Amino acid sequence: MSEKILSISVAAYNVEKYLVKLFEFLNISPEVNQKIEVIIVNDGSTDKTLEIANRFKSQYPQSVVIIDKKNGGYGSTINSSIAIAKGKYFKILDGDDWFNKNTLEDFLEFLENEEVDLVISPYEMHFENNNEIVLMDEHISESLTSPLLMHEICIKTALFRNSELRISEKCFYTDTEFAIIAMLLSKTFAKYNKPVYCYRIGREGQSISFESRKKHCNDSEHVVFKCINLIQNHNAKDAQMYLLIKKQIVKTAVFHFNTLLLFEKSKKSVSALKTYDRKLKSTNKEIYLLMSKTYNHVKVLRMTDYHMYNIIKKRKNLI
């Protein structure tokens, strides 16, 4: 069997409706099947996810690998797959998303000829409510201009596995941890200029919905401080990457700040916001100050001792 160029880690939890769409790229050509390894991590699904995955494994035995395990959350699917991945590069894919089959073959050829630590690529946002497709391409080829999202990232498998850095388990929003780790480890990067990842927006129950954010509020706080811990205990391999990592952590810290604003104003909700801010300030003052410098509503709330809670909540459309 020829060397695998790309290992694809698929987080699969109750995604029976979406797996057929995800597996479409296996029909492109035998050459593609030889170069990819699709690791389906069934994370304790209670629907027919495992049954469908096994069907595709029978059809494509050289391309599909299945890990069937108890539910451990998104991070556990990445940790499980990186331990067995055989591809030169490693990329993650949500079970309800898919790859662009019009660019995947060319992308694999690009990876085959690259030796950089990190390959980034644009991605497409596919909106469920109106079928709109939006291309997201924020980086020019010569430099990285904004923090990276997991949809853009493809990292050298050995680099990630040998680092022994792993993702939090039984926790939401850990795709941010993956992005931070990838940026921390990478010295060199290249850009592939065509979109690869297709990101589905608007599916019921997605973790970015307001109700889900409130339900998993403790998870978003955990990820903030896990990412701060990462940069305080591991030196970035590249100065430019370090600046982007800080921007990403600020963005993540504000995401949790805004999540706390989703709750109705009360002594408890205001106290929770103040407690979070104090913890941020004592843990990493630089991140704390950058939040105010970058996001005006954070600055205003802090300056007014959080008395403008409801006004900011309304202006930010967090109602």
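**Exercise 1.** Identify the residues with the most contacts inside the largest nonpolar core.

Solution. The largest nonpolar core comprises 100 residues, and Phe 160 and Phe 178 have the most contacts inside it. Helix α10 (residues 239–261) supplies the largest share of this core, 10 residues. Such a core is a set of buried Ala, Val, Leu, Ile, Met, Phe, Trp, Tyr and Cys residues joined through side-chain atoms within 4.5 Å, where buried means under 20% relative accessible area with a 1.4 Å probe, protein chains only. Helices are DSSP runs of H or I with at least four residues, numbered from the N terminus.

This is a predicted model, in which local features need pLDDT of at least 70 and side-chain atom pairs count only at pLDDT 80 or more, whereas totals for chains, interfaces and linings use all residues. Residues are numbered from 1 along each chain as its sequence is written, and side-chain values use heavy atoms, with hydrogens and water left out.

**Exercise 2.** List the residues that Phe 178 touches, leaving out residues up to four places away in sequence.

Solution. Taking contact as heavy atoms within 4.5 Å, Phe 178 touches Ile 78, Phe 90, Ile 92, Met 150, Ile 153, Ile 155, Phe 160 and Ile 167.

**Exercise 3.** Compare the radius of gyration of the protein chain with the value for a compact globule.

Solution. The radius is taken over C-alpha atoms, and the globule rule is 2.2 Å times the number of residues to the power 0.38. With 319 residues the rule gives a value near 20 Å, and the protein chain has 20 Å, which agrees. Buried residues make up 54% of the 319 residues, and the C-alpha atoms fill a box of roughly 65 × 45 × 35 Å along the principal axes.

Terms used:
Buried means under 20% relative accessible area, exposed over 50%, partly exposed in between (1.4 Å probe, protein chains only). Helices (H or I, at least four residues) and strands (E, at least two) are DSSP runs, numbered from the N terminus.
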